[in-house]
Amino acid sequence: RIENDKKEEAVKKADVVYTDTWISMGDKKKKERKKIFKPYQVNEVLMKLANKDAIFMHDMPAYRENEVTVGVIDGLQSVVFQQAENRLHVQKSLMLWMNRR
């Protein structure tokens with residue numbers, strides 16, 4: 001976990017900026033968690049600190065304007081859909097492998 005005042009330092013010159021959802025299904029403390037994590041949102045200002053050709057990744061599902069802004073997740077640096085497609089192929093391979101055992 002990165003302290004709020006260190007997030008810029010953590011992203012500076014990064015090749016990949018990666019985040020995950022702040023809220024799990026059934027989470028009873030949604031509002032509280034959003035308030036706590038809002039300073040850690042990946043936004044355009046934060047992405048500009050990363051390398052010029054840095055990519056943005058997210059496990060999905062993503063909640064736009066919570067952990068990531070629309071401009072980042074739908075922007076040119078985002079590879080979230082390619083990432084999701086790769087995960088799909090890996091999961092299908094695992095299913096085939098487990099079925100053969």
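Which side chain meets Arg64 in a salt bridge? That of Asp74, at 2.8 Å from N to O.

## Basis

This is a predicted model: local features need pLDDT of at least 70, side-chain atom pairs count only at pLDDT 80 or more, and totals for chains, interfaces and linings use all residues. Residues are numbered from 1 along each chain as its sequence is written, and side-chain values use heavy atoms, leaving out hydrogens and water.

## Salt bridges

The whole structure holds two salt bridges (a side-chain nitrogen of Lys or Arg within 4 Å of a carboxyl oxygen of Asp or Glu). Arg64 sits in the loop between strand 2 and helix 4, and Asp74 in the loop between helix 4 and helix 5 (80-99), so their pair ties together parts ten residues apart in sequence. Helices (H or I, at least four residues) and strands (E, at least two) are DSSP runs, numbered from the N terminus.

Arg33 pairs with Asp27, with the closest N and O atoms 3.0 Å apart. Asp27 is buried at 19% relative accessible area; Arg33 is partly exposed at 29%. Buried means under 20%, exposed over 50%, partly exposed in between (1.4 Å probe, protein chains only).

## Glu67

Glu67 is buried yet has no salt bridge. The nearest side chain of opposite charge, Arg64, is 8.1 Å away. A polar atom of the Glu67 side chain lies 2.9 Å from the backbone nitrogen of Tyr63.

Methods
Lys and Arg count as positive and Asp and Glu as negative; His and the chain ends are not counted. A polar contact is a pair of N or O atoms within 3.5 Å; within protein, one must be able to donate a hydrogen and the other to accept it, and residues adjacent in sequence count only if both atoms are side-chain atoms.
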